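Reader: Could you put the model up, so that we can go through a few places in it together?

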Amino acid sequence: MKQTTRVALARSLGVGAVGGVLFHFLGLPLAWMLGPLVANIAMSARGMQVAVPERLREAFLGVLGLVLGSQVTPDLAQRVADWPLSAALLLTGVAASTAIAAAWYRRCGFDPVSAWFASAPGAMTAMILMGESCGGDPRRIAVAQSLRVVLVVLILPPLFWVFEGPRGQAMASPSTLAAPWMLLALPLLLPLGRRVRLPTPALLAPLIFAALLSGFDIASLELPAWGMNLMLWVLGSAIGSRFRGMSKGRLGRYLGMATVATLLALVVLAGFAELIHHWVGVPRDVALLALAPGGIGEMAILAVALGVDPVFVVFHHLLRMVALMLFAPLWARWLRHRYPVGAD
């Protein structure tokens with residue numbers, strides 16, 4: 001690791017620790033995720049070089065995958081039979097929320113291609129690349145996508161906190177690390193996930209591995225409270241440090257636009273979550289988190305930290321990602337024909 005990278009990492013984790021402690025003493029929800037996230041965004045806006053290397057982020061995302069997979073139980077197959085209806089509502093909600101958010105970005109001056117790809121909730125890297133290939137502005141798309149993920153992470157925990165009560169420690173944490181040997185599989189699972197081209201391989205390869213072990217009642221990884229907080233600290237710092245190098249003025253302008261777009265998407269998806277709650281019998285908070293327009297990794301973190309049925313949540317976010325990856329090339333082809341490069 002280069003000296004500059006080490007310094008940027010030390011700064012990111014350092015300010016993240018300060019943010020975590022501050023949020024903890026203020027009694028705010030998910031202190032060790034939201035504190036580091038907000039602190040890193042604030043330092044980035046002030047010009048400080050903060051960064052969490054991709055390999056380190058992937059390693060902790062792998063730990064999260066193991067924790068998620070360990071939530072799978074042998075009776076899961078009985079529940080999966082009820083999920084096709086919720087999956088159909090999810091896909092309909094994604095289409096509706098994307099259209100409404102894109103209309104808002106058009107009013108803000110985005111070209112049609114950038115507006116659509118900035119509004120698609122998921123598969124961020126693919127949306128940026130496809131949007132650029134269709135003539136969109138990759139910077140606008142990247143910033144809008146990143147801010148949406150951050151805003152969802154910042155908005156949902158306080159909402160759950162207000163309506164459901166404090167849930168930052170909702171999942172029962174053992175006093176010691178259970179099945180720690182599963183962590184030794186990560187150096188093999190991460191490259192394997194990339195080799196077989198899984199979406200978000202750092203998360204899904206460990207998740208599948210742990211789900212098989214837990215589903216057959218062989219082993220389940222459980223983190224003590226300090227382990228959960230350590231994971232949240234690093235991943236929260238990684239999310240917040242995405243905005244390094246962006247000026248305060250530019251961040252503020254995009255933040256205003258992204259806040260409205262995110263709230264519009266959340267309101268639409270909350271309506272579909274209410275339908276899932278009534279028709280499928282899933283609790284409201286679980287349905288909302290399953291449909292929330294955040295990244296699969298970030299929503300998985302919230303599901304685990306809040307104890308909100310992480311298997312149901314991750315399944316629906318994975319479905320959304322796969323659907324976007326399948327549909328986006330067709331949509332990109334139509335946009336390229338409808339709005340040739342250079343046209344608005």
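Author: Here is a short walk through some helices and contacts. This is a predicted model, in which local features need pLDDT of at least 70, side-chain atom pairs count only at pLDDT 80 or more, and totals for chains, interfaces and linings use all residues. Residues are numbered from 1 along each chain as its sequence is written, and side-chain values use heavy atoms, with hydrogens and water left out.

Reader: How many residues of α14 are buried?

Author: In α14 (residues 296-306), 11 of its 11 residues are buried, where buried means under 20% relative accessible area, exposed over 50% and partly exposed in between, with a 1.4 Å probe and protein chains only. Helices are DSSP runs of H or I with at least four residues, numbered from the N terminus.

Reader: And what comes just after α14?

Author: Glycine 307, which takes a positive phi of about 70°.

Reader: Switching topic, where is methionine 127, and is methionine 127 buried or exposed?

Author: Methionine 127 lies in helix α7 (residues 124-133), and it counts as buried because its relative accessibility is 1%.

Reader: What is methionine 127 in contact with, beyond its neighbours within four places in sequence?

Author: Its contacts, meaning heavy atoms within 4.5 Å, are Phe117, Ala120, Gly122, Ile141, Gln145, Leu324 and Ala328. Phenylalanine 117 in turn touches, among others, Met130, Cys134 and Leu335, not counting residues up to four places away in sequence.

Reader: Which helix holds tryptophan 161?

Author: Tryptophan 161 sits in helix α8 (residues 138-164), and it counts as partly exposed because its relative accessibility is 30%.

How values were computed
Helices (H or I, at least four residues) and strands (E, at least two) are DSSP runs, numbered from the N terminus.
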